[in-house]
Amino acid sequence: MSKKRESDQRIRVLVVEDEESFIDALTIGLDREGFDVAIARDGQEALTLFAQGRFDVVLLDLMLPKLSGLDVCRSIRADSDVPIIIVSAKGEEVDMVLMLEIGADDYVTKPYRLRELVARMRAVLRRRESLDHGHEDEEQIQRGTIRMDVDARRCFVDGDEIKLRKKEFALLRLLLENPGRVLTREVLIDRVWGSDYVGDTKTLDVHIKRLRSLIEKDPKAPAHITTVRGVGYRFELTKPSV
Ligand code: CA
């Protein structure tokens with residue numbers, strides 16, 4: 001009986017992957033981390049399994065037999081908001097912006113460390129959970145040592161208040177509200193400056209630089225606001241493994 005209860009609490013992950021070496025490593029590694037793993041070896045099987053089961057998160061390889069990862073992502077997104085993490089191989093020509101636009105939550109590049117993958121999965125799950133249950137108090141956002149009091153428009157790092165201008169506050173708030181998620185430059189500019197913004201896109205980088213100088217221990221090697229090259233920025237919940 002207790003075994004059943006335990007399995008109810010485990011996170012169900014659909015791993016869509018066609019490389020046996022990865023399948024073996026993920027099956028063993030994720031099981032050890034407390035995930036129930038189901039494997040789909042091609043895009044078609046992924047959609048079939050997804051339709052049959054309930055999954056908390058999907059780990060989706062891009063290059064797959066039968067249906068591509070992008071097509072699978074689009075199909076799943078058409079009727080589910082399950083967190084999807086895209087996996088691409090190093091050197092693969094990937095349009096990250098397109099992936100995020102069609103609804104992927106995050107992505108990792110092979111070869112990855114299991115620890116990093118699990119951290120990313122937990123981050124998208126935490127984010128989804130706070131959206132689903134409204135855990136996120138409207139007035140307060142706490143991410144590690146950073147606390148934002150939205151109503152009072154104040155922000156604290158390690159208990160010390162930092163002074164933020166209006167756009168800086170809006171930008172940091174957006175990042176804090178989406179931990180572990182890549183936000184594209186387009187989304188950030190659109191949400192902070194408005195869709196009719198026609199100014200210099202360097203403005204975003206200037207604001208990020210200033211935020212880093214305020215919240216990062218080492219602004220030159222940021223641990224919180226990381227750059228996703230060619231795509232945008234991400235607020236890290238946990239330091240990426242080194
Ligand atoms: Ca593949």
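pLDDT is the predictor's confidence in each residue, on a scale from 0 to 100. The structure is a predicted model. Its chain has a mean pLDDT of 87, and 91% of the residues reach 70 or more. Confidence is highest in β1, at 97, and lowest in helix α1 (residues 2-9), where the mean is 52. Residues 1-5 have a pLDDT below 50, and this stretch has zero contacts in the model beyond near neighbours in sequence.

**The calcium ion**

Three residues supply the protein donors of the calcium ion: D18 (OD), D61 (OD) and M63 (O). Along the sequence the donor residues follow the spacing D-x42-D-x1-M. D18 lies in the loop between β1 (11-16) and α2 (20-32), and M63 lies in the loop between β3 (57-61) and α4 (69-79), so the pair ties together parts that are 45 residues apart in sequence. D18 is partly exposed, at 31% relative accessibility, whereas M63 is exposed, at 53%.

**Helices α7 and α9**

Two packed helices are described by the angle between their axes and the distance between the axes. Here helix α7 (residues 166-177) packs against helix α9 (residues 202-215) at an angle of about 75°, and the axes are 10 Å apart. Angles of 65 to 115 degrees count as roughly perpendicular, and therefore α7 is roughly perpendicular to α9. From α7, the contact is made by K167, E168, L171, L172 and L175; from α9, by L204, H207, I208, R210, L211 and I215. By class, this contact has seven nonpolar, one polar and three charged residues.

**Two single residues**

S88 is in strand β4 (residues 84-89). Is S88 buried or exposed? S88 is buried, with a relative accessible area of 3%, because a value under 20% counts as buried. Apart from neighbours within four places in sequence, S88 is in contact with L62, V94, V108, T109 and K110.

A152 is found in the loop between β7 (146-149) and β8 (154-157). A152 and E139 are 13 residues apart in sequence, and their C-alpha atoms are 8.0 Å apart in space. A152 is partly exposed.

The table gathers the accessibility values of the residues named.

| Residue | Relative accessible area | Class |
|---|---|---|
| D18 | 31% | partly exposed |
| M63 | 53% | exposed |
| S88 | 3% | buried |
| A152 | 43% | partly exposed |

Note on methods. Residues are numbered from 1 along each chain as its sequence is written. This is a predicted model: local features need pLDDT of at least 70, side-chain atom pairs count only at pLDDT 80 or more; totals for chains, interfaces and linings use all residues. Side-chain values use heavy atoms; hydrogens and water are left out. Donors are N, O and S atoms within 2.8 Å of the metal (3.2 Å for Na, K and Ca); water is not among the atoms, so sites may look incomplete. Helices (H or I, at least four residues) and strands (E, at least two) are DSSP runs, numbered from the N terminus. Buried means under 20% relative accessible area, exposed over 50%, partly exposed in between (1.4 Å probe, protein chains only). Axes are lines fitted to C-alpha atoms, for helices over the stretch in contact, and angles run from 0 to 180 degrees between N-to-C directions. Angles under 35 degrees count as roughly parallel, over 145 as roughly antiparallel, 65 to 115 as roughly perpendicular and the rest as oblique. Contact means heavy atoms within 4.5 Å. Ala, Val, Leu, Ile, Met, Phe, Trp, Tyr, Cys and Pro count as nonpolar, Asp, Glu, Lys and Arg as charged, and the others, Gly among them, as polar.
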